[in-house]
Amino acid sequence: MSDFLWVVVIGMFVATYAVRASFVVFGQRLRFPPAVVQALGHVPVAVLTAIVVPEAIAPGGQLNLSIDNPYLVGTIVAGLVAWKTGHTLAAVLVSFAVFGAMRWLL
Amino acid sequence: MPNRTTVALTGLRDTLPLTVGTTPFAVIFGTLVVSAGLPPAAALALSAIVFAGSAQFISISLISGGAALPVIWLTTFVVNLRHALYSATIQPATKKWPLPWRVIGAFWLTDECFAVFERRMQDANEHETLPYYLGVAVPFYLNWIGWTAVGAYLGNRIPGVATLGLDFAMIATFTAMIAPQFKTLVPVAVAATAGSVAWLAQGLPYKLGLMLAALAGVAVGVLLDCRQRRQLRRETVEEAV
């Protein structure tokens, strides 16, 4: 493994561990203002959507909003199943089946 | 008082569905790292040292997309910020742990370990929280590393694994994680903003678009929260009058 990758990994460890250790290790000396806590609540939706959207509408960098884009159709299926049932794993399995079938047929 | 081993085994049993559920993702992660042209050791190092599923997946696309170091680190930090809330939530249950255990235990504070531990920490006896937490976290951690190794091995062995579309697994999982929240206006607006900005800012260097999109989404969320709070206050005042 190259030195660059080691530097990547160590930095990612620090960025992850610092957040997890914050309160558990430093206890009550830390305190978040309520506004920050509320802002943090929006982070997962914002980050995950920002990752998903470009990959779904433009796999490989080419914008493809048609029904024969398996990434787009699969993402919509995953979203609908999860939204309706609340089951993450079910949504992943169903959407993966649709995605796989489309890749195989098209 | 049940002994520590029994308590730890209860923790292991309570986590089992999540351990099994994350196994495919560990395999896919290992495979993806190798198919992105990175060495299998990188897959193991990320799983063993960073141990943060979504950040690990994102890092592959950032590294292979040529992102700058600070961008990779900052994105990891932003993606994992939610863990600060977990850390704050379990703090009361962990404050009696010896310091070395708090230092080590914090490392394993993933979404899954938090979800299981949080459910049990209130009604557990205070001597039981540490063995229970270790029963939750350690097998889950070892399972994640082990199946990452299997994935990396398979990725090396199966030709053409890169064209199988395994990257869709990450997209499907993220979508399934956020979609149940789209039942009120604010998360929908946050997602719409973040998604649009991510698409429009794609051309930015060093993959900075992702962070810009996340910030824009959070900003919209905060603005809408403020507006709702103001509205609520106005209604309360009107009722009082």
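Analyst: Happy to! One thing to keep in mind is that this is a predicted model. Where shall we begin?

User: Let's start with the overall make-up of chain B. How many helices and how many strands are there in chain B?

Analyst: Read along the sequence, chain B follows the pattern α-α-α-α-α-α-α-α-α-α-α. Its C-alpha trace spans about 70 × 60 × 30 Å along the principal axes. The count for chain B is 11 helices and 0 strands.

User: What percentage of the residues in chain B is buried?

Analyst: A residue is called buried when its relative accessible area is under 20%. Chain B has 241 residues. The buried share of them is 50%.

User: Now to charged pairs. How many salt bridges are there over all chains?

Analyst: In general, side chains of opposite charge can pair when their charged atoms come close. The cut-off here is a side-chain nitrogen of Lys or Arg within 4 Å of a carboxyl oxygen of Asp or Glu. By this rule, the total over all chains is 3 salt bridges.

User: Which residues are joined into one network by salt bridges that share partners?

Analyst: B:Arg13 pairs with B:Asp14, with 3.6 Å between the closest N and O atoms. B:Asp14 also pairs with B:Arg120, where the closest N and O atoms are 3.4 Å apart. B:Asp14 belongs to helix 1 (residues 4-35) of chain B and B:Arg120 to helix 7 of chain B, so this pair ties together parts that are 106 residues apart in sequence. The network made by shared partners is B:Arg13, B:Asp14 and B:Arg120.

User: Is B:Arg13 buried or exposed?

Analyst: The exposed class begins over 50% relative accessible area, with partly exposed lying between that and the buried class. B:Asp14 has 25% and is partly exposed, and B:Arg120 with 29% is partly exposed too. B:Arg13 has a relative accessibility of 55%, so B:Arg13 counts as exposed.

User: Which residue meets B:Asp111 in a salt bridge?

Analyst: The N to O distance in this pair is 2.8 Å. B:Asp111 sits in helix 7 of chain B and its partner in helix 5 of chain B, so the bridge ties together parts that are 29 residues apart in sequence.

User: How are helix 5 of chain B and helix 7 of chain B oriented to each other?

Analyst: Helix 5 (residues 82-94) and helix 7 (residues 111-121) of chain B pack with their axes 10 Å apart, at an angle of about 30°. Helix 5 of chain B passes helix 7 of chain B in a left-handed crossing. Angles under 35 degrees count as roughly parallel. The two helices are therefore roughly parallel.

User: What about the two chains: how does helix 2 of chain A lie relative to helix 11 of chain B?

Analyst: The axes of helix 2 (residues 34-57) of chain A and helix 11 (residues 209-240) of chain B come within 8 Å and cross at roughly 140°. That angle makes helix 2 of chain A oblique to helix 11 of chain B. As for the handedness, this crossing is right-handed.

User: Last one: how far apart in space are B:Pro98 and B:Pro17?

Analyst: B:Pro98 is found in the loop between helix 5 and helix 6 (99-107) of chain B, and at 43% relative accessibility B:Pro98 is partly exposed. B:Pro98 and B:Pro17 are 81 residues apart in sequence. From C-alpha to C-alpha, their distance in space is 29 Å.

Note on methods
Residues are numbered from 1 along each chain as its sequence is written. Chains are lettered from A and ligands numbered from 1 in the order in which they are written. This is a predicted model: local features need pLDDT of at least 70, side-chain atom pairs count only at pLDDT 80 or more; totals for chains, interfaces and linings use all residues. Side-chain values use heavy atoms; hydrogens and water are left out. Axes are lines fitted to C-alpha atoms, for helices over the stretch in contact, and angles run from 0 to 180 degrees between N-to-C directions. Helices (H or I, at least four residues) and strands (E, at least two) are DSSP runs, numbered from the N terminus. Angles under 35 degrees count as roughly parallel, over 145 as roughly antiparallel, 65 to 115 as roughly perpendicular and the rest as oblique. A crossing is left-handed if the near helix is turned anticlockwise from the far one by less than a right angle, and right-handed if clockwise. Buried means under 20% relative accessible area, exposed over 50%, partly exposed in between (1.4 Å probe, protein chains only).
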